[in-house]
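Dear colleague,

I am handing over to you the structure that I have been working through, and I would be glad if you could look at it alongside the notes that come after it.

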Number of protein chains: 2
Amino acid sequence: MYDRMQELSIQNMEKIHDAAMDLLKNTGVSFNEEEALKIFKANGHRVKGATVFFEESDIQKALKTAPRRFTVHARNPEKNVEIGEDDFVFLPGYGAPFVMDVQGNQRQATMEDYDNFCKLIQTSPYINMNGWMMVEPADMPHETVHLDLNLSNMLLCDKPFMGSPVSRQGALDGIEMAGILWGGKKNIMDKTVSVSLINSLSPLQFADEMIGSLIELARHNQACVVASLIMAGGSGPVTLDGVLALQNAEILAGITLAQLVRPGAPVIYGSTSSAMDMKTGALSIGAPELSKNIHLVAQMARFYNLPSRSGGGLTDALCADAQAGVESALALSTAARSGINFILHSCGILGSYIAMSFEKFLVDEEACGMILNMLKPLALTDDSIDIDVIKEVGIGGQYLTHPKTFKLCRTEFFMPTLMSRKNPDAWAKDGKKHINQIAEDKVAQRLASYEKPDIDPEIEKQLTQYVEKRKNP
Amino acid sequence: MYDRMQELSIQNMEKIHDAAMDLLKNTGVSFNEEEALKIFKANGHRVKGATVFFEESDIQKALKTAPRRFTVHARNPEKNVEIGEDDFVFLPGYGAPFVMDVQGNQRQATMEDYDNFCKLIQTSPYINMNGWMMVEPADMPHETVHLDLNLSNMLLCDKPFMGSPVSRQGALDGIEMAGILWGGKKNIMDKTVSVSLINSLSPLQFADEMIGSLIELARHNQACVVASLIMAGGSGPVTLDGVLALQNAEILAGITLAQLVRPGAPVIYGSTSSAMDMKTGALSIGAPELSKNIHLVAQMARFYNLPSRSGGGLTDALCADAQAGVESALALSTAARSGINFILHSCGILGSYIAMSFEKFLVDEEACGMILNMLKPLALTDDSIDIDVIKEVGIGGQYLTHPKTFKLCRTEFFMPTLMSRKNPDAWAKDGKKHINQIAEDKVAQRLASYEKPDIDPEIEKQLTQYVEKRKNP
């Protein structure tokens with residue numbers, strides 16, 4: 001396929017691989033977590049303090065057992081998703097402390113906001129999985145909020161969900177709760193029902209909470225995204241070339257640990273590295289370097305036969321304006337076209353992760369639908385081309401009233417639910433609204449239309465009791 | 001290269017080709033122009049009334065002489081452009097009758113607006129060619145406005161430009177004026193200095209003005225885009241599959257005429273076909289079907305070894321909001337990635353071609369810059385990866401104050417001139433502006449910074465006199 005974006009040659013990818021191997025062998029990666037160090041030592045790794053060194057054979061062994069694709073089961077089995085190869089999923093934004101409204105007022109996020117995002121995800125035609133910490137509720141105790149987020153994910157939405165990677169105990173809570181949801185922990189022992197986000201602490205470190213989580217999640221066959229989010233020029237080299245090498249070392253180190261814990265544990269090769277804004281020293285996720293990295297990460301993951309993760313609808317804009325539209329669409333469409341399997345942050349993020357916007361969530365969601373349509377191939381059969389109709393209409397005719405047009409007009413083309421196709425008069429009559437103002441109304445409609453998916457009341461009770469008990473031991 | 005958008009197989013492309021051949025042989029194409037019919041007859045085509053029929057051998061003969069790439073010369077030779085294969089150009093919007101301001105007020109376009117767009121193009125770091133009829137000035141007499149547009153193109157901007165296809169005489173005026181600009185018509189006889197847009201009148205027709213223009217332009221070695229803009233379900237089949245076949249027939253028919261007039265005349269395979277909005281019956285250029293068609297047109301053009309043309313920053317939105325950003329970015333990036341060579345409408349269009357917006361022009365222009373950055377490959381050399389720096393910084397270090405970061409921080413990453421990377425406080429302090437409001441100020445700055453490019457006063461005088469004489473014969 002012709003593509004003006006860079007195609008990495010085998011030599012290019014081997015160069016990035018070799019650079020990572022050099023770093024893993026000679027500089028090592030710090031794992032500040034006791035059990036991890038024990039596992040590495042037991043498997044013959046050189047360990048010095050918290051620094052673990054890797055031979056290429058360690059990495060190759062891990063790559064042999066890591067699956068190239070896997071299923072994430074939903075409690076509604078019709079909503080199971082496949083991750084890997086041609087199959088991919090859209091997920092919402094992750095980790096925003098604030099909510100931004102249409103007027104540009106930024107406020108701390110609440111548990112109610114979190115629940116409302118769960119409801120938007122449940123009613124979304126395009127978002128395939130529930131996220132985790134779409135917003136960070138400021139009105140809940142920090143130590144136990146992960147339990148509330150898990151509970152909302154499980155009760156308000158019957159799609160597959162992301163798990164809690166806040167700490168070893170946090171991960172275990174998620175596993176226990178998933179066990180309850182599936183009617184017993186034994187039912188999920190060989191079944192992946194969650195995907196959790198394990199970030200490195202660049203350069204070349206992992207925090208103990210992340211590693212404790214990774215160990216428990218892998219042990220229980222729950223999927224982990226192992227991801228770097230390097231700010232090029234800050235927490236990593238000032239060239240994307242260097243970033244590719246550095247993040248490759250970090251990601252492969254984390255994946256190797258997961259495979260040592262449980263060979264075959266599902267893992268995802270992840271990155272949302274991007275450029276530092278050289279004027280302010282802040283991370284820019286609206287930068288074109290983000291998209292470039294996404295495109296190259298997809299190729300590196302395929303080089304290793306691993307599923308990949310990137311960001312999607314990301315922007316530095318603080319309101320859902322044309323900048324937000326451009327930046328988000330570029331990264332989102334790059335991820336989808338270039339072959340990313342797990343597209344986190346597909347919807348809602350504003351201002352370099354600082355805030356989620358309900359209105360932008362809907363705009364981005366519609367972009368997901370448009371992109372899915374763009375990727376849908378034409379059949380190009382005799383029937384779909386239908387030369388007889390073209391001959392019949394002939395020179396200078398019209399197709400509007402042709403029976404075939406009537407037959408297909410409701411199904412053939414993408415039907416927007418948000419994007420406006422009004423003419424100037426109709427638009428003026430409707431108050432010359434920008435799409436974020438139209439989205440504001442639609443958010444309210446969507447939330448009003450939400451219906452809580454059925455769940456066995458006994459299971460709901462047990463889940464609620466688990467959370468209560470953990471909060472008040 | 002892995003790409004989730006559809007890759008047409010040779011069989012797919014042959015199917016589209018064969019369908020077009022069937023139409024050209026059995027239904028024919030109407031050329032309502034005397035000389036065209038004479039040329040076709042002289043070359044052995046079956047002609048019935050205004051309908052011309054084509055054998056496959058006629059098409060193959062034309063494809064043998066049509067160049068796969070060509071240079072368009074600018075009066076400033078540093079601004080010459082290459083069109084074809086990997087080389088491509090961004091051009092502004094085309095044909096809008098109105099100008100839309102930031103407040104959503106739509107007004108008829110004026111000659112002053114046209115000139116201001118010429119000035120934005122002249123000062124643009126990313127727009128490679130001046131367009132034609134970026135807006136249609138309502139304050140100029142219809143019969144002679146093409147002369148004024150040509151004059152502005154030639155005097156206000158020293159980039160290569162689009163030519164006037166309004167009629168045979170209009171095309172000849174453009175050629176005469178280009179002759180003056182190059183110091184004598186003999187100087188452009190074998191030199192392409194303009195590209196003109198020849199649209200079919202779907203289905204299967206060409207208007208006489210367009211064909212008169214095409215004949216004169218091809219005769220004088222000036223490039224023609226031969227393009228279909230089918231509204232699927234209206235002026236063409238309700239499936240994109242059928243649209244591909246129909247537009248292929250129309251485009252190849254026009255290209256064949258150009259090659260009969262002058263074998264080797266530069267031509268471009270063009271389409272901005274898109275879907276009809278099934279609720280309103282209006283053309284939708286924000287539809288994902290537009291991008292899908294762009295991607296497939298690029299492949300069909302490569303199948304024929306021809307340069308390709310599509311639309312770019314197109315939207316149905318009537319203001320430069322998030323919808324405009326998403327829709328424009330999707331089509332623009334698809335065109336650039338998928339290999340289109342002549343990306344018309346890259347900047348400024350709103351509301352399904354109804355209006356140009358100066359502010360959206362700047363937003364789209366920045367998107368062009370971002371896309372160019374995305375396409376720029378990494379070097380992936382030892383020096384660009386620089387493993388020694390990564391080892392030196394080591395575990396948990398920082399790169400911000402590293403000498404290499406200082407060295408590259410001003411050149412390594414894309415530096416936006418419009419997109420905001422402000423933090424929430426700075427953004428609030430600055431009035432919480434949307435990007436179109438920021439763009440409004442920048443438009444004024446850009447126009448103020450414009451300098452008319454030097455031109456031989458004698459040539460300027462002759463050009464002005466030519467226009468005056470044609471207006472008052």
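What follows is a description of what was found, beginning with the two chains and ending with single residues.

Please keep in mind throughout that this is a predicted model, and that the values below are computed from it.

**How the two chains are arranged**

Chain B can be laid over chain A by a rotation of 180° with 0.0 Å of shift along the axis, and the RMSD of that superposition is 0.0 Å. This is the relation of a two-fold axis. Of the interface residues of chain B, 100% are also interface residues in chain A, so the copies meet through the same surface.

**The interface**

The size of an interface is often given as the accessible area lost when the parts come together. Here chain B and chain A bury about 11300 Å² between them, and 65% of that area is on carbon and sulfur atoms. Met1(B), Arg4(B) and Arg337(B) supply 9% of the area that chain B buries against chain A, which is more than any other three residues supply. The contact draws on 133 residues from chain B and 133 residues from chain A.

Across this interface there are 58 residue pairs in polar contact, and 10 salt bridges are found there as well. Helix 10 of chain B gives the largest share of the side of chain B that touches chain A, with 13 residues. Sorted by class, that side has 64 nonpolar, 42 polar and 27 charged residues.

Which residues does Arg337(B) touch, leaving out those up to four places away in sequence? In chain A its contacts are Tyr2(A), Asp3(A), Arg4(A), Met5(A), His295(A), Thr334(A), Arg337(A) and Ser338(A), while in chain B the contact is Leu375(B). Arg337(B) itself belongs to helix 10 of chain B, which covers residues 322-338, and with a relative accessible area of 4% it is buried.

Side chains of opposite charge can pair when their charged atoms come close. Another salt bridge is formed by Asp277(A) and Arg421(B), with 2.7 Å between the closest N and O atoms. Asp277(A) lies in the loop between strand 15 (274-276) and strand 16 (283-284) of chain A, and Arg421(B) lies in the loop between helix 14 (403-408) and helix 15 of chain B, so the pair joins two chains. Asp277(A) counts as buried at 5% relative accessibility, and Arg421(B) counts as buried at 16%.

**Salt bridges within a chain**

Over all chains the count comes to 54 salt bridges. In chain A, the side chains of Arg168(A) and Glu216(A) meet in one of them, at 2.6 Å from N to O. Arg168(A) is in helix 6 (residues 168-181) of chain A and Glu216(A) is in helix 7 (residues 208-219) of chain A, so this pair ties together parts that are 48 residues apart in sequence. Arg168(A) is partly exposed at 23% relative accessibility, whereas Glu216(A) is buried at 7%.

In chain B, the side chains of Arg446(B) and Glu365(B) form a salt bridge at 2.9 Å from N to O. This pair links distant parts of the chain, since Arg446(B) is in helix 16 of chain B and Glu365(B) is in helix 11 (residues 358-375) of chain B, 81 residues apart. Arg446(B) and Glu365(B) are both buried. Returning to chain A, salt bridges with shared partners join Glu33(A), Glu35(A), Arg168(A), Glu216(A) and Arg219(A) into one network.

**Backbone details**

A cis peptide bond, with omega about 0°, joins Ser202(A) and Pro203(A), and Pro203(A) sits in the loop between strand 10 (194-199) and strand 11 (205-206) of chain A. In chain B, a cis peptide bond joins Ser202(B) and Pro203(B), with omega about 0°.

Where in chain A is Asn305(A) placed? Asn305(A) is in the loop between helix 9 (288-303) and strand 17 (308-310) of chain A, its phi is near 55°, a positive value in a residue other than glycine, and it is partly exposed at 37% relative accessibility. Lys432(B), which is not a glycine either, has a positive phi of about 50°; Lys432(B) is found in the loop between helix 15 (424-429) and helix 16 (435-449) of chain B, and it is partly exposed, with a relative accessible area of 29%.

With kind regards

Key. Residues are numbered from 1 along each chain as its sequence is written. Chains are lettered from A and ligands numbered from 1 in the order in which they are written. This is a predicted model: local features need pLDDT of at least 70, side-chain atom pairs count only at pLDDT 80 or more; totals for chains, interfaces and linings use all residues. Side-chain values use heavy atoms; hydrogens and water are left out. Copies are superposed by least squares on the C-alpha atoms of residues with pLDDT of at least 70 in both. Contact means heavy atoms within 4.5 Å. Helices (H or I, at least four residues) and strands (E, at least two) are DSSP runs, numbered from the N terminus. Buried means under 20% relative accessible area, exposed over 50%, partly exposed in between (1.4 Å probe, protein chains only). Buried area is the accessible area (1.4 Å probe) that two parts lose on being put together, summed over both. A salt bridge is a side-chain nitrogen of Lys or Arg within 4 Å of a carboxyl oxygen of Asp or Glu. A polar contact is a pair of N or O atoms within 3.5 Å; within protein, one must be able to donate a hydrogen and the other to accept it, and residues adjacent in sequence count only if both atoms are side-chain atoms. Ala, Val, Leu, Ile, Met, Phe, Trp, Tyr, Cys and Pro count as nonpolar, Asp, Glu, Lys and Arg as charged, and the others, Gly among them, as polar.
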